Amino acid sequence: MNVKYFGHSVLQIETCGHKILFDPFITDNPLAERATSLSSLRPDVIFLTHAHFDHWGDTLTIAKQCNALIVANHEIIQYVKNSGYDNVEAMNIGGSGVFEWGTATMTYARHSSSFPDGTYGGNPNGYLIQSQGICVYNAGDTDTFSEMSWIGQDHHIQLALLPIGDLFTMGLGGAIRAARLLKPELTVPIHYNTFPPIHADTDRWLEAMKKSNLAARVLNPGESIEL
């Protein structure tokens with residue numbers, strides 16, 4: 001399994017011959033625009049954690065160019081269908097879906113969600129992706145919540161993707177607490193440094209994670225890891 005980071009919360013997982021893209025905010029994303037392009041992204045599936053502009057992003061443009069399946073909560077999927085796109089799969093919190101490459105389970109996220117035009121986007125979410133015996137947890141935009149301990153108990157997580165940018169999500173300390181609850185083999189930060197209000201000192205975070213005996217790695221936009 002290959003996990004590639006494009007900046008902010010844009011991630012792509014390649015597994016079993018399939019490409020899974022998360023929160024494709026490329027246009028006007030200074031990190032992602034340097035690491036990729038809309039035309040080069042041809043996922044089989046697009047997962048959306050919530051409807052905010054910096055996650056909804058270029059979803060429809062990318063989906064239409066390769067007929068990607070869009071997976072999200074009920075409210076987002078209704079919005080997509082009302083926009084004229086029908087290759088969709090709705091999920092809700094706690095539910096799991098079976099795909100050719102593995103399974104996805106939708107988790108709770110402590111945040112908010114609305115589309116750029118003000119339409120309600122339902123409850124924000126995270127996802128547990130399981131494929132090839134590997135479990136990846138994308139927490140989405142969230143604060144730490146106590147049920148993360150259940151997720152950590154119920155799943156052997158090889159990789160946790162946690163926001164660290166603060167202001168709109170948990171910051172450095174919150175991500176450390178979340179990692180303690182989840183107990184992943186490795187934590188990679190997301191949702192930071194895209195814009196000045198969410199600047200994060202990754203060196204300080206890495207040092208604090210090390211002191212807590214938690215493995216962590218920072219990926220630069222365009223960089224990937226093999227699991």
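Mentor: Phe-47 is buried, at 0% relative accessible area; buried means under 20%, exposed over 50%, partly exposed in between, with a 1.4 Å probe and protein chains only. Mind that this is a predicted model, where local features need pLDDT of at least 70, side-chain atom pairs count only at pLDDT 80 or more, and totals for chains, interfaces and linings use all residues. Residues are numbered from 1 along each chain as its sequence is written, and side-chain values use heavy atoms, leaving out hydrogens and water.

Trainee: OK, and how many aromatic pairs does the structure hold?

Mentor: There are 12. Rings of Phe, Tyr and Trp (its six-membered ring) pair if their centres lie within 6.5 Å; planes under 30 degrees apart are stacked, over 60 edge-to-face, the rest tilted.

Trainee: Are Phe-22 and Phe-47 stacked or edge-to-face?

Mentor: Stacked, because the centres are 5.5 Å apart and the planes sit at 25°.

Trainee: And what about Phe-47 and Phe-99?

Mentor: That pair has its centres 6.0 Å apart and its planes at 70°, so it's edge-to-face. Phe-99 is buried too, with a relative accessible area of 15%.

Trainee: Which residues do ring pairs link into a cluster?

Mentor: Phe-22, Phe-47, Phe-99, Trp-101 and Tyr-127.

Trainee: Switching topic: what does the side chain of Asn-29 reach?

Mentor: The backbone oxygen of Phe-25 at 2.8 Å, and the backbone nitrogen of Ala-32 at 3.2 Å.

Trainee: Is Asn-29 buried or exposed?

Mentor: Asn-29 counts as buried, because its relative accessibility is 0%.

Note on methods:
A polar contact is a pair of N or O atoms within 3.5 Å; within protein, one must be able to donate a hydrogen and the other to accept it, and residues adjacent in sequence count only if both atoms are side-chain atoms.
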